[in-house]
Amino acid sequence: MSKAIIKIEDLKREFTMGTETVHALRGISFDIKEGEFVTIMGSSGSGKSTMLNILGCLDQPTSGTYEIDGVRVKDLSRNELATIRNEKIGFIFQSYNLLARTSAIENVELPLLYNSKVSTEERRKRAIEALEKVGLGERLHHTPSQLSGGQQQRVAIARSLVNNPVMILADEATGNLDTRTSYEIMSLFQELNKQGITITFVTHEPDIATFSSRTIVLKDGEVMQDYNNHNVQSAANELAKLPKQDD
Amino acid sequence: MRLLNLFKIATKAIVLNKTRTLLTMLGIIIGVASVIAMLAIGEGSKESIRTTISAMGSNMITVKAGADTRGGVRQEASVMESLTLSDYKAIKKQATLLSYSTPVVEGKGQVINGSNNWPSSIYGVNPEYLNIKVVDLQSGSMFTDAEVQTAAKVALIGQTVVDNVFPDGEEPVGQMIRFNNIPFKVIGVLEEKGENTFGQDQDDVVIAPYTTVQKRILAITHLNQIMASAVSEEEAPNAVLEVSQILREQHKLMDTEDDDFHVRSMEELISTFSSTSEMLTILLVAVASISLLIGGIGIMNIMYVSVKERTKEIGLRMAVGAKGADILMQFLIEAILISITGGVLGVILGLGATVFIEKFLNWPTSVALYSIVISFAVCAVTGIFFGWYPARKASALDPITALRYE
């Protein structure tokens, strides 16, 4: 039995809007084990984004416990949170969030720049490895404007891999991509998952969930469903089934 | 290591935004350059005034007879005959703050050598005159005390006189000239001094023993002036007081009576001139400080806009592990780099401008080291000061809101 990377217990998050208190999360509990590919689904207002922020150590829960890789996140300072994000989490965003006019390799190096344990040579080496892993070994020095949307997201994925995180956290990572490209990206995620990388994917698209091994559905700040997907679709197969493009 | 990385990040950001950076720098560059150039002009003017004066003998003290009133008509000082040789002797004997002194009698006349003649002035003095006026001899020698006592007909002449009465370039020393028909033997030529600050040709002179000029040319017994030099420039004001005191006793003036003479030191001239140029410097510094301040505000503006514009980038950096301090340092380093680079370019431009002003506009300049140090320090401080606020703002951003910022 593989160990739990994420342990969440009775997690609550409240926001105060003027005099009203908004309960974004109303007591959520689940674990994520090493090597899992989890999609967190939910419509807007379900608490999905709040969950993502807390999982990503960008935000702190009001109550309850959140443990990532054995570290209790609650009560950590801003700086300690930054270190956790730097060493344990790889972020992927819907809009890629690459630095403009900056080459792919430099974009990938970015997280390591904030880790003083990594030397310049190692940083470069690891960035090249990560880019090769996502199939961009030939485009190390291209800037985002010279890359397609799918390629830009691959750079972002390489960036999330470069610090060897315990978990990759993707926020609507295919939201800006067409179906074909998003299937390509999903098949890359599946491949990485097969290599043992834990992935948590926040999305509202049900077909994305079919590619994951487990789905957690949130509604009104509570877990509505949490089920293992016994019939995981292969994104590569789905991609092959798509009608051929004429161009 | 960490700082080195932040340094790299900051330089990268600067290089990526060349135009914006350059425009920001321009404020600092012009600020620093104008401080240096303006102070150089100010210092140069001050120095040139001082050297001009010190060429006249900056510790020089002159005593002239005071103006008198005859029948309600005020008289020119030169017609007064109240300054006498015994006044000079009293000063010579009693004054402790004077290193040299000489009686001066002056007259105008025609210098004649063969068929050449030239109108000039003759000054009757003693050998100490050269020390007081800070004049060297170009050739020949000064007359001696013995020649003064015997009223010898010897003279030294200035370059202008040489040019006009010895037009063929013959050696004047040893030749005979006539001044108002009195023959003089030329025993020396004064080194060229050019014009003084008031445009008088200092080389258009004939110098002779005062006894000779008194008896043989002017036929007078009084003195026109007494010239002396104070032991030092600092002591010059005290020497003025001392000489005044001696002369008051000598002229038996009551306490209620005004001086019937004028004692002047160059110190007064110097302070008048330097206070003028001091004011000039203050004015220039004020103008320059304003341009530095504007440059600084320019930096703040750009950094502020830059923080806003890069909010999303800051959010991303924080998401991948940048701490608040990292972001703060990044922006601070950026601001400091901009202001220091601007400062260096400004110093170069300022020095260039100074050379240009000196060479092509013929304005005396002098680059003071302090102006470089000050303007450079000010611009570094400006960078930190005006970079701090936007950097602080950037570091305090919430990563969630920063990431969502559009």
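## Exercises on a predicted two-chain model

I220(B) lies in the loop that runs between helix 7 (210-218) and strand 11 (225-230) of chain B. Helices (H or I, at least four residues) and strands (E, at least two) are DSSP runs, numbered from the N terminus. This is a predicted model, in which local features need pLDDT of at least 70 and side-chain atom pairs count only at pLDDT 80 or more, while totals for chains, interfaces and linings use all residues. Residues are numbered from 1 along each chain as its sequence is written, and chains are lettered from A and ligands numbered from 1 in the order in which they are written.

**Exercise 1.** Classify I220(B) as buried, exposed or partly exposed, and find which residues it touches, not counting those up to four places away in sequence.

*Solution.*
- Start with the rule: a residue is buried if 20 or more other C-beta atoms (placed from the backbone) lie within 10 Å of its own, exposed if 12 or fewer, and partly exposed in between.
- I220(B) has 14 other C-beta atoms within 10 Å, so it is partly exposed.
- Next come contacts, which require C-beta atoms, placed from the backbone, within 7 Å. I220(B) touches V105(B) and Q214(B), with residues up to four places away in sequence left out.
- V105(B) is 115 residues from I220(B) along the chain, and their C-alpha atoms are separated by 9.1 Å.
- For the setting, 44% of the 406 residues in chain B are buried.

**Exercise 2.** Work out the strand order of the open six-stranded sheet in chain A, and explain why strand 6 and strand 10 of chain A each have one side without a neighbour.

*Solution.*
- Two strands pair if DSSP finds at least two bridges between them. The order is 6-7-8-3-9-10, with mixed pairing.
- Strand 6 (89-92) and strand 10 (222-228) of chain A stand at the edges with a single partner strand each, so one side of each has no neighbour in the sheet.
- Now look at one pair: strand 9 (residues 214-219) and strand 10 of chain A run antiparallel over six bridges. Here T215(A) stands opposite Y227(A) of strand 10 of chain A.

**Exercise 3.** Describe the side of chain A that touches chain B: how many residues does each chain bring to the contact, and which helix supplies the largest share of the chain A side?

*Solution.*
- Chain A brings 19 residues and chain B brings 18 residues.
- Helix 2 (78-88) and helix 3 (104-113) of chain A each supply at least two residues of the chain A side.
- Helix 2 of chain A gives the largest share, six residues.

Terms used
Two residues are in contact if their C-beta atoms, placed from the backbone, lie within 7 Å.
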